[in-house]
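Here is a short note for a colleague who is new to this structure. Please read the points with the model open beside them.

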Amino acid sequence: VQLQASGGGLVQAGGSLRLSCAHSISPLTINGWGWYRQAPGKQREMVATITSGGATKYADSANGRFTISRVNAINTVYLQMNSLKPEDTAVYYCNVDLNSGLGYSYDVWGLGTQVTVSA
């Protein structure tokens, strides 16, 4: 299983970025996706999740500004981030919750992509 996150970079406050997470996983085994972030000196936190059925959930800090989506045809999950703030600066990670087919699920993490928002 491979996850490749991209799209991070340096942006001014108020700007936008779209993160992408490409994968090589059969959609049939996916329970859901998530974007998480970790700022320096802080714990990793959930930003947004989307289930295989399309139900989404957002952290309060992301609600109304970020949108998680997926395109199964091209095996990609996105995080559209608008109205970025300096406090959004962090390394962003994509995560997939997989169904093992053996009665349990497990997580796979991709390498992070740095997002830096300047004031």
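1. Start with one term. Buried means under 20% relative accessible area, exposed means over 50%, and partly exposed is in between, using a 1.4 Å probe and protein chains only. By that rule Cys21 is buried, at a relative accessible area of 0%. Cys94 is buried too, at 1%.

2. A word on the source. This is a predicted model, in which local features need pLDDT of at least 70 and side-chain atom pairs count only at pLDDT 80 or more, while totals for chains, interfaces and linings use all residues. Residues are numbered from 1 along each chain as its sequence is written, and side-chain values use heavy atoms, with hydrogens and water left out.

3. How many disulfides does a search of the whole structure find? It finds one. A disulfide here is a pair of cysteine sulfur atoms within 2.5 Å. Cys21 and Cys94 form it, with their sulfur atoms 2.1 Å apart. The link of Cys21 and Cys94 is right-handed, with 50 degrees about the S-S bond. Cys21 lies in strand 3 and Cys94 in strand 9 (residues 90-99), so the pair ties together parts 73 residues apart in sequence. Strands are DSSP runs (E, at least two residues), numbered from the N terminus.

4. Next, Ser20. Ser20 belongs to strand 3, which covers residues 17-23. Ser20 counts as buried, because its relative accessibility is 16%. Contact means heavy atoms within 4.5 Å. Leaving out residues up to four places away in sequence, Ser20 touches Gln4, Ala5, Ser6, Trp35, Thr76, Val77 and Tyr78.

5. Two strands pair if DSSP finds at least two bridges between them. An open sheet of four strands runs in the order 1-3-8-7, with antiparallel pairing. Strand 1 (3-6) and strand 7 (66-71) are the edge strands, each pairing on one side only. Strand 3 and strand 8 (residues 76-81) pair in the antiparallel sense over six bridges. Ala22 stands opposite Thr76 in strand 8.

6. Strand 11 deserves a look.

7. Strand 11 has partners. Strand 2 (residues 9-12) pairs with strand 11 in the parallel sense over four bridges. Strand 9 pairs with strand 11 in the antiparallel sense over three bridges. Val115 is the bridge partner of Gly9. Val115 is also the bridge partner of Ala90.

8. Then the aromatic rings. The structure holds two aromatic pairs. Rings of Phe, Tyr and Trp (its six-membered ring) pair if their centres lie within 6.5 Å; planes under 30 degrees apart count as stacked, over 60 as edge-to-face and the rest as tilted. Tyr36 and Trp109 are edge-to-face, at 4.9 Å centre to centre and 65 degrees between the planes. Tyr104 and Tyr106 have ring centres 6.4 Å apart and planes at 45 degrees, so this pair is tilted.

9. Last, Arg44. A charge sits over a ring if NZ of Lys or CZ of Arg is within 6 Å of the ring centre and within 35 degrees of the ring normal. Arg44 lies over the face of Tyr93, 3.8 Å from the ring centre. The charged end of Arg44 also sits over the ring of Trp109, 4.7 Å from its centre. Trp109 is partly exposed, at 36%.
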